[in-house]
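Please look over the model below before reading on. The report after it goes from the whole chain down to single residues.

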Amino acid sequence: MIYNSPLVRDCYFLLMRVIDFEIKEKDNNRQIRDFLRDFGVSASLLARLKRTENGITLNGEFVKSIDKIHAGDHLSISIESKGKMPPPLANNNVKKVFGDEDILVLNKPPMMPVHESRNHQGDTLANAASCYMESNTAFRAVYRLDRDTSGLVLIAKNELAACKLAGRIKKDYYAVCKGILTGSGTIDLPIKRMSDSIIKRTVSDDGEKAVTHWQAVKNNGENTLLKINLETGKTHQIRVHFSHIGFPLLGDSMYGGDCEKISRQALHCKTIYFNHPISGKPTVIDSDFPKDFKGLI
């Protein structure tokens, strides 16, 4: 259930995300917990709201989740900002594409991991996000891109936004493959991890279902620019699928790609589509191709 209007005010107050709802006739006499659960509040978040001082208020007064709402009431929830961002990225050049009280969209450059790890401290997208977010907010990337893949990454600024966005983002990927493809098609081939590697994947009958939809955009007689949408999201799915059918991505040395013109896989998450987690407004965010991607076709 999405409530487009009116959400009377959306603001931060004392490191809280406060969200107000004006109750409509169709929700008259419902229990608060049922209303909030339908909106997308998880059971765990609802439990925390109950334990938070003024976590749930009705017409300015503290209430219990079993209390009922009536048409014309103003219900509010206050979500605590809990967590700790990593140190901010030094000399940050990661572009902020969009941001508001609930979400942040960054255009990740190639060769940058999304999360910190033992081998990557201070040089990740999480560190870049720290330049744009409160220090006491957890880093919640709604999805991740491979280190070498460039493009848009959507970050939730609070638990409710993360819960409502998970698995609900449509992404347009663009890739350049070796060889000429025309028209469009679907690759429906299962993928599993190779037994002798902790990273590399392969097509295998005993793998997990993986479905990739593609459309040829243009070619230069040698390589093809593809628009790609994923029905599933397996590790290395695009790279493995196109390598398996004989059209590896340029720059993808792991799966047989030609690295003469680009030193990393030619794969970019260009456009994302989603409904805003609070307003429900359909949202489209687009990005430009990075420099190393341009000119391949």
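## Basis

This is a predicted model, in which local features need pLDDT of at least 70, side-chain atom pairs count only at pLDDT 80 or more, and totals for chains, interfaces and linings use all residues. Residues are numbered from 1 along each chain as its sequence is written, and side-chain values use heavy atoms, with hydrogens and water left out.

## Overall build

The chain has 5 helices and 17 strands. Both are DSSP runs numbered from the N terminus: helices are H or I with at least four residues, strands are E with at least two. The C-alpha trace spans about 65 × 40 × 35 Å along its principal axes.

Of the 297 residues, 50% are buried. Buried means under 20% relative accessible area, exposed means over 50%, and partly exposed lies in between (1.4 Å probe, protein chains only). Contact means heavy atoms within 4.5 Å. Among contacts between residues at least 6 apart in sequence, 65% join residues at least 24 apart.

## Nonpolar cores

A nonpolar core is a set of buried Ala, Val, Leu, Ile, Met, Phe, Trp, Tyr and Cys residues joined through side-chain atoms within 4.5 Å. The largest one has 45 residues, and Y143, L154, F242 and I272 have the most contacts inside it. Strand 9 (residues 150-156) gives the largest share of this core, 5 residues. Another core, of 20 residues, lies apart from it and includes F21, L36, I69 and I77.

Beyond its neighbours within four places in sequence, I272 is in contact with residues including V105, Y143, L152, L154 and I169.

## Pockets

A pocket is found on a 1 Å grid over the protein atoms alone, as an open set of points where a 1.4 Å probe fits, with protein on both sides within 12 Å along at least five of seven lines; lining residues have an atom within 4 Å of a point. Grid points are joined across faces, edges and corners, and a volume is the space filled by probe spheres set on the points.

The largest pocket has a volume of about 520 Å³. It is lined by 24 residues, and R144, K171, Y173, L230 and G233 are the closest to its centre. Strand 10, strand 15 (223-230) and helix 5 (237-244) each give two or more residues to the lining. By class, this lining has 8 nonpolar, 8 polar and 8 charged residues. Here Ala, Val, Leu, Ile, Met, Phe, Trp, Tyr, Cys and Pro count as nonpolar, Asp, Glu, Lys and Arg as charged, and the others, Gly among them, as polar.

Y173 lies in strand 10 (residues 170-178). Y173 is buried, with a relative accessible area of 8%. Leaving aside neighbours within four places in sequence, its contacts include L145, L226, L230, I238 and H268.

## Cysteines

A disulfide is a pair of cysteine sulfur atoms within 2.5 Å. By this rule the count is 0. For C259, the nearest cysteine sulfur is that of C177, 15 Å away. C259 is partly exposed at 37% relative accessible area.

## Two loop residues

Most residues other than glycine have a negative phi. N29 has a positive phi, near 70°. N29 lies in the loop between strand 2 (16-22) and helix 1 (32-39). M111 also has a phi near 70°, and M111 is in the loop between strand 7 (103-108) and helix 3 (125-129).
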